[in-house]
Each structure stands twice: as C-alpha cells, then as structure tokens.
Amino acid sequence: MATGTDRKAQILDGATRLFAEQGYGGMTMKMLATECGITEPALYRHYASKEALYEAVLETLAARLNSEAFFASVSRSAGLEEVLSGLAEHVVEYYTRNADTYRLLLFSALNGHAKAKQVFTVLRGAYVKFLVGHLDRLYAEGKIVKKNNEITARCFVGMVFDCALSFTLWRGFYGKVYRPEETIANNVPIYVRGLTTESV
C-alpha cells in the first residue's frame, strides 16, 4: 500500500507528464486521478486545486533541475570557457533526461498562462541571471571586453536550450542530428573568442 509520501510523488509525476502532454488547460483532475488509479476526492485531499498542483509541479521541477548546485560548483576562479561549457552540459544533460520539462515551458508560453513567467524563471531565467553575474565579474576583473552582458547571456542560454530542444522534442526536424556535445564544442569557443581579446 502506498504511503502518503509515495502517493504524492506518484501524483506529481503523473501531473508533470499530463501538464507536459496536455497543457495547463487540457489537463483535468479527473484525468490525473485516472492516471494515478485513485478517485478525484482522494486527489483533492492531496491538492486542493489544479492551480495548487501546478505550483507543486513547478517546485519539483526546480528541485529536479538542481541549478543551484551547479552554480555553487562553479568557483569564482572558473574561467569563461569552463563556465560556458559547464552550463551548457548541465542544461543539455537535464533536458535530455526530462523532455517533459521543456514541454511544460512551451505550453506555458504558448497558452499565455499566468504562470508562464514563473515557469520561465524556474527553468531558464536562473541560468541567464547566473551567467550575467559571472560575465559582470569577469569584466570587472578585466578578463573580458565590454559587451551588453544580459544580451550575451540570453543569447548563449537560448542557444543551449535550442540545442537541448533539437536533440529531444524536435529531433530530426533539421535533417542531420548533431549531438549536443558537438554543438557545445563548436559554439563555446566562438563565444569565448568574441568576449576576450588577445591582451586578456
């Protein structure tokens, strides 16, 4: 017999999958109850509403993404290439294993859901904020040239997320499929060369 903790984990797993497949509007509590093999009243004992359930799913995504652990692992002395490569590898590895997360991001944005910004912040914005801070520090230390670091960070993170998306949800849409590590190895040096000068 499932414990309360096991049941909650089962509900969150099922909800993540259904929100990713159906979108917020398409997923119903009845659908989720059937997926989990429980009654709707039993489901509502765990989560009072679909909105509360969605909030809980977002919280689990942040925990699954574990971006804070990655940020903490990058020391202040880490060089630009090390940071960019590490960030790219972390994102691609996560989304390769959790394609449902990207579907949630897309559904939230496309459906104009009120939580779209929150989903973006949890799943993508944290990387941009981290990279902006790192670029600001490197510039202050004279290690990179002056650029708009927010634009640079957004573009780099966008490239990485597109790489992850192309390798999971849109695999084969472009024709030839490049492995994520090929894309990272190709693009990181371009960013590094564009941000540094020979004198630094």
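User: How far apart are the end C-alpha atoms of α4, and what should its 16 residues span?
Analyst: The ends are 22 Å apart, and at 1.5 Å a residue the 16 residues should span 22 Å, so the two agree. The expected span is 1.5 Å times one less than the number of residues in the helix. A helix here is a DSSP run of H or I with at least four residues, a strand is a run of E with at least two, and both are numbered from the N terminus.

User: Where do these values come from?
Analyst: This is a predicted model, in which local features need pLDDT of at least 70 and side-chain atom pairs count only at pLDDT 80 or more, while totals for chains, interfaces and linings use all residues. Residues are numbered from 1 along each chain as its sequence is written, and side-chain values use heavy atoms, with hydrogens and water left out.

User: Which residues of α4 are buried?
Analyst: They are K50, L53, Y54, A56, V57, L58, L61 and L65. Buried means under 20% relative accessible area, exposed means over 50%, and partly exposed is in between (1.4 Å probe, protein chains only).

User: What follows α4?
Analyst: N66 does, and its phi is positive, near 55°.

User: At what angle do α4 and α6 pack?
Analyst: Helix α4 (residues 50–65) and helix α6 (residues 80–97) pack at about 125°, and their axes are 11 Å apart. The axes are lines fitted to C-alpha atoms, for helices over the stretch in contact, and the angle between N-to-C directions runs from 0 to 180 degrees. The two helices are therefore oblique to each other. Under 35 degrees counts as roughly parallel, over 145 as roughly antiparallel, 65 to 115 as roughly perpendicular, and the rest as oblique.

User: Which residues make that contact?
Analyst: L61, R64 and L65 of α4 meet H90, Y94 and Y95 of α6. Contact means heavy atoms within 4.5 Å. By type, four of the residues are nonpolar, one is polar and one is charged. Ala, Val, Leu, Ile, Met, Phe, Trp, Tyr, Cys and Pro count as nonpolar, Asp, Glu, Lys and Arg as charged, and the others, Gly among them, as polar.

User: New topic. Which residues touch the most other members of the largest nonpolar core?
Analyst: F19, L32, L53, L87, Y95, L131 and F156 do, in a core of 64 residues. Helix α8 (residues 116–140) gives the most to this core, with 10 residues. A nonpolar core is a set of buried Ala, Val, Leu, Ile, Met, Phe, Trp, Tyr and Cys residues joined through side-chain atoms within 4.5 Å.

User: What does F19 touch?
Analyst: Not counting residues up to four places away in sequence, F19 touches Y24, M27, K50, L53, Y54, V57, L104 and F107.

User: Is N149 buried or exposed?
Analyst: N149 is buried, with a relative accessible area of 8%. N149 lies in helix α9 (residues 149–167), and leaving aside neighbours within four places in sequence, N149 is in contact with V132, L135, D136 and I144.

User: And where is E40?
Analyst: E40 is in helix α3 (residues 40–46). E40 is partly exposed, at 31% relative accessible area. The C-alpha atoms of E40 and K30 are separated by 5.9 Å, although the two are 10 residues apart along the chain.

User: Last one: how many helices and strands are in the protein?
Analyst: There are 10 helices and zero strands. Of the 200 residues, 46% count as buried.
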